[in-house]
Amino acid sequence: MAENAQTDSQFTAEAAVPRPVLVVDFGAQYAQLIARRVREARIYSEVIPHTATVEEIRGKDPVALILSGGPASVYADDAPALDPAVLDLGVPVFGICYGFQSMAGALGGEVAHTGSREYGRTDVTVSGGLLHAGLPEHHPVWMSHGDAVTTAPEGFTVTATSPGAPVAAFECAERRMAGVQYHPEVMHSPHGQQVLTRFLTEIAGLEPTWTASNIADQLVEAVREQIGDGRAICGLSGGVDSAVAAALVQKAIGDRLTCVFVDHGLLRAGEREQVENDFVAATGARLITLDDSETYLGHLAGVTDPESKRKIIGREFIRSFERAVTQALELQGDDAASVDFLVQGTLYPDVVESGGGAGTANIKSHHNVGGLPDDIEFSLVEPLRLLFKDEVRAVGRELGLPEAIVGRHPFPGPGLAIRIVGAVDRDRLETLRAADAIVREEMTAAGLDASVWQCPVVLLADVRSVGVQGDGRTYGHPIVLRPVSSEDAMTADWTRVPYETLALISGRITNEVPDVNRVVLDVTSKPPGTIEWE
């Protein structure tokens, strides 16, 4: 068994990927989104902090660099600095906003306070070049800057201007370098993806080979290399991530994988049956089901702090699998063997939000990342830890998993425990489970499953409000509906569910679910709010 399971799991994921486009993060709000957009162009990308040294960058053998935006002024004393040596590595470079200004200054151009700030929608005027070829001469982009490049570096052609940016874009095909003052990665720049793709393919000369088929094949080989002749167990939650991870590992090592489904008592209605029937039917995987609900509820009794909940669940999650090893060995027919590997469906957003991303604050511990105990007895196998959600779905389809599994709405590993604001107990779980079932049923009936990325249903267990039900006064709990739309969980917007559907859901919940007399709608985007309340 490896001494450092986390290092092993990173090795497995990284062994399966090609040379990366590195997004150098200068503190940008959208650094992860830039990486996401590069992958949309079917080219692999990763994010690294701006503090990475030239040698560290060279060691990653990048095929290109993208310098992100950031909140600082290039003139500030404590502004993130770009080491000019980065531009001498001989790889293509693309600058965005702050990264564009830093790049211009390092190459001998001029950056100045123009006195004309641009925030939000701005029209640019383009004039030739590879980046904007074929685009309208005047088109909108999303700007966010106070300083501006006033003179392009020698040998660079200015290809776009705006009222507040004399140099809104430049490029030098000979040096394979370019940049823009605006943010091409956000949806508010309608031609941004085209511009970013043109840098990658026409200026950097990269081939779009990051496809679901290639990803799946590479991940299977990497898993096979990590596990070797060993045996593994996989924790199935019923969700997309663990199902795809299990399918990958099963393809790599066959019946040396045993899947374990832990009923921790925090599930939604029908989830245990879905795992025991649908997943097994689709994959033929070995499956053990453990009913550990009493254990989890006992440890969660009286706990209200969200981080404590996640860490308790993460700890017991591992303990459950340790108890499952004997059963796994019996199924695998070798009492003398040992199970050294634990498969998890950790994704890139999980790693980033748990503080594992470049320069990223620890927003919250995910039960399978920051919530794991220090004395874990398994080496982790996390083949999806460098993938975004849409990439995981694509890999699942490539592996032949049915749409009922790969198209399932995301659901957190800690289950309903983090959708109860307050202490978790059996009665509160039953209340939330009943409300959640109504929401899922009505959303499906309204044909909204494809347009709503997920809809967390939250019970405010420590909040009560006065209501009137059956001609009498009630003092019940509120239920919060949190419908969101997102591509990868890094950013999200609240979904505009039709009023008729909301009214039907509200009426059913307040009529059918005891102790609930109010239904409210969460209309917060991410950021500033996270998708889950805890």
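Glu-185 counts as buried in this predicted model because its relative accessibility is 2%, where buried means under 20% relative accessible area with a 1.4 Å probe and protein chains only. Not counting residues up to four places away in sequence, Glu-185 touches Tyr-30, Leu-33, Ile-34, Arg-37 and Ile-96, contact being heavy atoms within 4.5 Å. Residues are numbered from 1 along each chain as its sequence is written. In this predicted model, local features need pLDDT of at least 70, side-chain atom pairs count only at pLDDT 80 or more, and totals for chains, interfaces and linings use all residues, while side-chain values use heavy atoms, with hydrogens and water left out.

An unreviewed UniProt entry gives the annotation "active site" to Cys-97, His-183 and Glu-185; such annotations may be inferred rather than shown by experiment. These residues are spread over 89 residues of sequence, yet they cluster in space, with a largest C-alpha distance of 11.1 Å. His-183 is also buried, at a relative accessible area of 8%. Leaving aside neighbours within four places in sequence, the contacts of His-183 include Tyr-30, Cys-97 and Trp-142.

His-183 lies in the loop between S9 and H5, and Glu-185 is found in the loop between S9 and H5; helices (H or I, at least four residues) and strands (E, at least two) are DSSP runs numbered from the N terminus. The buried residues of H5, among them Val-195, Leu-196 and Phe-199, pack against several elements, including strand S1 (21–25) and helix H2 (31–40). After H5 comes Gly-205, whose phi is positive, near 70°.

Technical notes
Buried means under 20% relative accessible area, exposed over 50%, partly exposed in between (1.4 Å probe, protein chains only).
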